[in-house]
Amino acid sequence: MLVTQGLVYQGYLAANPRFGSLPKVALAGILGFGLGKVSYIGVCQSKFHCFEDQLRGAGFGPQHNRHCLLTCEECKIKHGLSEKGDSQPSAS
């Protein structure tokens, strides 16, 4: 938007007789916002795909499990969690 305003100010782009540089600056802002969103889509999708194999809270995502958060034996077996694998090393 600043570049567009500078181009209008320097005379490289003609200002609108009624509204001045506002239409061109607004269009530059809208296009910049849209291009920024489009360029970030891949990054955003990859962040959500990283969570597929991780524990999800109740109500999150299409495969959420409202009644169990990997505490029942069936879910532990399904997700490859066992009593041996869950144990954390002690601090002592």
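Where is the place of Thr 4? Thr 4 sits in helix α1.

## The model

This is a predicted model, in which local features need pLDDT of at least 70, side-chain atom pairs count only at pLDDT 80 or more, and totals for chains, interfaces and linings use all residues. Residues are numbered from 1 along each chain as its sequence is written, and side-chain values use heavy atoms, with hydrogens and water left out.

## Overall build

The protein chain has four helices and zero strands. The order from the N terminus is α-α-α-α. Helices (H or I, at least four residues) and strands (E, at least two) are DSSP runs, numbered from the N terminus.

The protein chain has 92 residues, and 10% of them count as buried. Buried means under 20% relative accessible area, exposed means over 50%, and partly exposed lies in between (1.4 Å probe, protein chains only). A contact means heavy atoms within 4.5 Å. Take the contacts between residues at least 6 apart in sequence: 11% join residues at least 24 apart.

The protein chain exposes about 8100 Å², and carbon and sulfur atoms supply 62% of that area. Accessible areas come from the Shrake-Rupley method with a 1.4 Å probe; for residues, only the protein chains shown count as cover.

Thr 4 counts as buried because its relative accessibility is 13%. Leaving out residues up to four places away in sequence, Thr 4 touches Leu 13, Lys 24, Val 25 and Ala 28.

Leu 2 is also placed in helix α1. Leu 2 counts as exposed because its relative accessibility is 77%.

Tyr 12 lies in the loop between α1 (2–10) and α2 (22–49). At 65% relative accessibility, Tyr 12 is exposed. Val 3, Leu 7, Tyr 12 and Leu 13 make a nonpolar surface patch of about 410 Å². Patches are made of residues with over 30% relative accessible area and no salt bridge; like charges are joined within 9 Å, and nonpolar side chains (Val, Leu, Ile, Met, Phe, Trp, Tyr) within 5 Å. A salt bridge is a side-chain nitrogen of Lys or Arg within 4 Å of a carboxyl oxygen of Asp or Glu.

## Helix α2

Helix α2 has 28 residues. From first C-alpha to last, α2 reaches 41 Å, close to the 40 Å expected at 1.5 Å a residue. The expected span is 1.5 Å times one less than the number of residues.

A kink of about 40 degrees in α2 is centred on Ile 41. The bend at a residue is the angle between axes fitted to the seven residues ending there and the seven starting there.
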